[in-house]
Amino acid sequence: MAWRNWRELPLGPPKQKALFTVLVMKAGMAVEREELVEAVWGSDAPRTADSSVHKYVAALRQTLEPGRRPRGDGSLLVSGAPSTYRLCLGDGVLDASLFARRVEHAQQLRAGGRLDRALRALAEAQRLWRGNAVGGAPGPVPQIWRASLEEHRVTAAELRIEILLMMGRNEDAVAELRILVGENPLREHLSELLMAALYGCARQAEALEVFLRVRRTLREELGVEPGSRLHRCYQQILRGELAPPDVVCAAHAGHVENVQSPSRSTADT
């Protein structure tokens with residue numbers, strides 16, 4: 001999605017949205033028409049794809065700069081030779097970049113022990129998300145970016161949960177983790193965090209059941225056993241020896257160090 005003065009801009013039909021998404025992903029870079037065709041249509045591009053690109057670019061220019069004269073030079077979506085297009089966006093315009101910066105700031109705050117401020121930074125990052133990443137645009141490249149952005153969103157959610165556990169807010173963590181684990185049943189670290197949160201609430205039996213459930217799911221869906229971290233967490237809970245949350249989370253800190261570039265852009269892309 002794209003916004004001007006807090007109003008959503010109409011980006012046209014799905015393929016046009018997909019083309020816009022690719023230009024946003026490569027903002028500031030010249031993108032060849034052939035690359036746009038491949039990104040939006042893949043290997044099944046019709047013969048009319050080139051002309052469709054031209055039509056979509058013209059429509060996007062009118063949407064992005066409604067005051068622009070027909071055939072006049074624009075400042076946002078510009079053409080170059082040979083047959084290239086470039087989307088010119090200023091710093092701080094893409095929500096994807098803003099999200100990454102705020103998550104990185106939250107990581108730094110956590111490392112410095114400023115947990116309350118880290119939670120506020122993550123809340124600011126999460127507010128940038130509206131609906132689905134990349135606005136549901138079709139095409140192979142938008143689909144890849146959508147998956148990447150969603151991965152970063154969940155990773156940031158894990159960071160928030162880890163901070164809650166470090167603050168002793170186990171009940172709050174359990175409530176959020178129930179939803180996250182339901183949405184990501186194969187993501188072992190979320191199940192590990194849920195086990196730790198339940199254990200911190202003196203709900204040992206429920207924590208053990210989480211392990212049994214995720215092991216059953218992994219066997220049925222992927223034909224694999226849980227990883228060593230989840231097994232170790234299970235054994236520690238059985239023995240009543242699970243490490244304090246700050247130790248557990250610090251040991252997994254590397255899992256969240258590489259968050260880069262999600263959600264809405266000028267563009268909720």
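I started with Cys201, which counts as buried because its relative accessibility is 17%; buried means under 20% relative accessible area, exposed over 50% and partly exposed in between, with a 1.4 Å probe and protein chains only. Cys88 comes out at 25% relative accessibility, so I logged Cys88 as partly exposed. Then I searched the whole structure for disulfides and got zero, taking a disulfide as a pair of cysteine sulfur atoms within 2.5 Å.

A note on the source: this is a predicted model, where local features need pLDDT of at least 70 and side-chain atom pairs count only at pLDDT 80 or more, while totals for chains, interfaces and linings use all residues. Residues are numbered from 1 along each chain as its sequence is written, and side-chain values use heavy atoms, leaving out hydrogens and water.

Next, H8. Helix H8 covers residues 188-200; helices here are DSSP runs of H or I with at least four residues, numbered from the N terminus. Is H8 enclosed or open? Ten of its 13 residues are buried, so I put H8 down as largely enclosed by the rest of the structure. Among the buried ones are His189, Glu192 and Met195. Just after H8, I found Ala202 with a positive phi of about 60 degrees.

Last, a helix pair. The axes of H1 (residues 14-25) and H3 (residues 49-64) come within 10 Å and cross at roughly 75 degrees; axes are lines fitted to C-alpha atoms over the stretch in contact, with angles from 0 to 180 degrees between N-to-C directions. That makes H1 roughly perpendicular to H3, the label for 65 to 115 degrees. On the H1 side, I listed Lys15, Gln16, Leu19 and Phe20 as making the contact, meaning heavy atoms within 4.5 Å.

Notes: Helices (H or I, at least four residues) and strands (E, at least two) are DSSP runs, numbered from the N terminus. Angles under 35 degrees count as roughly parallel, over 145 as roughly antiparallel, 65 to 115 as roughly perpendicular and the rest as oblique. The expected span of a helix is 1.5 Å times one less than its number of residues.
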